[in-house]
Amino acid sequence: SPARKVKVVDTPTMKVQVGKVFRTRHDAVQMLEKVKLLNLPESGCVAFVECPPLMPRNGAQSAMQSGYGFGVWVGLLTALGIEIYPVYPSVWKRASGLNG
């Protein structure tokens, strides 16, 4: 069987001024650049995208940003023909031997 490679990619972010404060936002342009730099084959790629859990105590803005980032990754990867598998943080961390 062909060799399989695993690559973990952090989501690029940028600071954006909202009113008088700066907030961290997902950088969709840099997200695309990160995927391009992977030089993926044209077919046979899959992506496990972290599905943000709902955490009401963190506030609506946090939930919206997490959902936005998830949606950008799913849209970007789907447009590139990459098969998507949403996965919760607890699942991938446990499978990787990480705690927390």
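Buried denotes a relative accessible area under 20%, exposed one over 50%, and partly exposed the range in between (1.4 Å probe, protein chains only). The model is predicted, so that local features need pLDDT of at least 70 and side-chain atom pairs count only at pLDDT 80 or more, while totals for chains, interfaces and linings use all residues. Residues are numbered from 1 along each chain as its sequence is written, and side-chain values use heavy atoms, with hydrogens and water left out.

**View 1. Cysteines Cys45 and Cys51 are both buried.**

Buried denotes a relative accessible area under 20%, exposed one over 50%, and partly exposed the range in between (1.4 Å probe, protein chains only). The model is predicted: local features need pLDDT of at least 70, side-chain atom pairs count only at pLDDT 80 or more, and totals for chains, interfaces and linings use all residues. Residues are numbered from 1 along each chain as its sequence is written, and side-chain values use heavy atoms, with hydrogens and water left out.

View 1. The structure holds zero disulfides, a disulfide being a pair of cysteine sulfur atoms within 2.5 Å.

**View 2. Strands β1 and β2 form a hairpin.** Helices (H or I, at least four residues) and strands (E, at least two) are DSSP runs, numbered from the N terminus. Strand β1 covers residues 13-18 and β2 residues 21-26; they pair in the antiparallel sense over six bridges, where pairing requires that DSSP find at least two bridges between two strands. Met14 has Arg25 in β2 as its bridge partner. Two residues lie between the strands, and Gly19 in the turn has a positive phi of about 65°.

**View 3. Asn39 has a positive phi although it is not a glycine.** Its phi is about 50°. Most residues other than glycine have a negative phi. Asn39 is placed in the loop between α1 (28-37) and β3, and is exposed because its relative accessible area is 66%.

**View 4. Phe48 and Tyr85 form a stacked aromatic pair.** A search of the whole structure finds one aromatic pair. In the pair of Phe48 and Tyr85, the separation is 5.3 Å centre to centre, with 25° between the planes. Phe48 in strand β3 (residues 46-50) and Tyr85 in strand β4 (residues 83-87) are 37 residues apart, so the pair links distant parts of the chain. Rings of Phe, Tyr and Trp (its six-membered ring) pair if their centres lie within 6.5 Å; planes under 30 degrees apart count as stacked, over 60 as edge-to-face and the rest as tilted. Phe48 counts as exposed at 59% relative accessibility, whereas Tyr85 is partly exposed at 35%.
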